[in-house]
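The sequence and structure are shown first.

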Amino acid sequence: MNDTAIDIRGLEKVFAGGLHALDAVDLAIGRGEIFALLGPNGAGKTTLISVICGLLTATDGDAWLAGYHFQREFRAARARIGLVPQELTTDAFETVWATVRFSRGLFGRRRDSAYLEKVLKDLSLWDKRNDMLMTLSGGMKRRVMIAKALSHEPDILFLDEPTAGVDVELRRGMWQVIDRLRRQGVTIVLTTHYLEEAEQMADRVGVINHGRVIRVEPTESLMRSLGQKRLMLTLDQPLEAVPDALSDYGVTLSADGDALHYHYHHHDGADAVQALLRDVDAAGLRLLDVDTYESSLEEIFMDMVGGTS
C-alpha cells in the first residue's frame with residue numbers, strides 16, 4: 001500500500017533460553033500517523049522497536065519501512081528511520097552541534113547547516129549548540145537525542161519513552177515539534193508511560209502484552225468503545241437505599257447516602273442520562289450538584305492487560 005509507512009508481518013523474536021519476546025506480530029502504520037504502542041513493562045515494546053531498527057535480529061517474520069525490507073534492504077530502510085532510544089547514549093565530550101552534524105553525515109546526507117539549525121531551534125537547543133553534552137541536563141540531553149534522530153531527515157521516527165525525565169515545559173515543546181513533523185508527513189511511533197500524551201496526540205493506539213499485539217484501534221474509537229463515564233448526583237438529603245424506580249439503571253448509593261453513582265459507556269449516549277434524570281425527578285429527589293467523570297486511556301489500558309506490570 002502506497003500510504004503504509006510500516007508493514008510488519010508475523011514478526012517473532014525468541015531469545016536464548018526460550019523467552020518469546022515477540023509472538024507473530026502483525027501491524028500496519030500509515031504515513032504521517034502518530035501511533036502509540038502501549039504495554040506493561042516487559043510486554044515487548046522496546047524489543048519490537050529494536051528488531052525493526054536492526055538492533056536485534058528477528059527470529060522470523062518480515063517488516064517493510066518506507067517500502068524497504070528491514071533485513072534484505074537494511075541500509076536503505078535504516079536511512080529512512082530515526083530512533084530515540086530510552087537510554088541517554090550521547091558522546092559526553094562533543095558539542096551539541098558536532099553531534100548532530102556527525103549523525104547527519106553518518107547516514108550519507110550532504111551538509112545542510114540551515115536544516116540542522118532549524119532542528120536545534122525547534123527543540124530549543126540553538127543556544128546550547130556549542131555546549132558540551134556532559135554539561136547539559138537530562139531533559140536537554142534527551143532533546144539532543146531527538147535532534148540526532150532527525151538530523152538525516154527520516155520518514156519514520158521511533159520514540160521510545162521520549163519524555164522520560166523531561167520537565168513539563170520541555171515536554172510541551174517536544175510535542176509541538178512532533179506535531180509539526182506529523183504535518184510534514186513524518187510517521188511517528190512512540191512508547192510512553194505518560195498515557196495522557198498518547199490519548200491527546202496519537203491517531204491510533206496499539207496494546208502489546210506478552211509479545212502479542214492484542215488490540216489496535218483509533219484512539220477516539222477506543223475511548224468510545226471501552227471508556228466508561230460516571231455520573232455522580234449529589235442529593236440535598238441523604239438516602240438509606242436506592243429508590244426502586246432507579247433500580248433498573250444499576251445506580252449505587254455512596255456510603256454516607258449523600259450521592260448516587262451511575263456508570264455508563266459512550267455508546268449509551270445522552271438519552272440514558274436524560275432518562276435517569278427524569279426518573280430521579282419523578283422519584284422526588286432534589287439534587288445539589290451533578291458531576292461527570294470519564295475513563296482515561298490509562299484506566300482502559302490497565303483493564304485490557306489485567307493490571308499486569
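Is Asp62 exposed, partly exposed or buried? The model is a predicted one, and in it Asp62 has a relative accessibility of 27%. Asp62 therefore counts as partly exposed, since that class lies between the limits of 20% for buried and 50% for exposed.

## Salt bridges between separate elements

The structure holds 14 salt bridges. In one of them, the side chain of Asp62 meets that of Arg72, with an N to O distance of 4.0 Å. This pair links distant parts of the chain, 10 residues apart: Asp62 belongs to strand S4 (residues 60-65), and Arg72 to the loop between strand S5 (68-69) and helix H2 (74-78). Arg72 is exposed, at a relative accessible area of 63%, whereas Asp62 is partly exposed.

Another salt bridge joins the side chains of Glu153 and Arg104 at 2.9 Å, N to O. Because Glu153 is in the loop between H5 and strand S7 (156-160) while Arg104 is in helix H3 (residues 96-106), the pair ties together parts that are 49 residues apart in sequence. Glu153 is partly exposed, with a relative accessible area of 32%; Arg104 is buried, with a value of 4%.

Asp122 and Lys118 form a salt bridge whose closest N and O atoms are 2.9 Å apart. The two residues are four residues apart in helix H4 (residues 113-122), so about one helical turn separates them. Both ends are partly exposed: Asp122 has a relative accessible area of 24%, and Lys118 a relative accessibility of 42%.

In soluble globular proteins, nonpolar side chains tend to be buried together. The largest nonpolar core here has 41 residues, of which Leu123, Leu157 and Ile188 touch the most other members. Helix H5 (residues 138-150) supplies the largest share of this core, seven residues. Beyond its neighbours within four places in sequence, Leu123 is in contact with Arg143, Ile146, Ala147, Met174 and Val177. A second, separate core comprises 28 residues, including Phe35, Ala43, Val51 and Val189.

## Surroundings of Leu48

Leu48 is part of helix H1 (residues 45-52). Its relative accessible area is 3%, so Leu48 is buried. Neighbours within four places in sequence aside, Leu48 is in contact with Ile8, Leu11, Leu22, Val25 and Leu37. Gln237 lies 189 residues from Leu48 in sequence and 56 Å from Leu48 in space, C-alpha to C-alpha.

Key
Residues are numbered from 1 along each chain as its sequence is written. This is a predicted model: local features need pLDDT of at least 70, side-chain atom pairs count only at pLDDT 80 or more; totals for chains, interfaces and linings use all residues. Side-chain values use heavy atoms; hydrogens and water are left out. Buried means under 20% relative accessible area, exposed over 50%, partly exposed in between (1.4 Å probe, protein chains only). Contact means heavy atoms within 4.5 Å. A nonpolar core is a set of buried Ala, Val, Leu, Ile, Met, Phe, Trp, Tyr and Cys residues joined through side-chain atoms within 4.5 Å.
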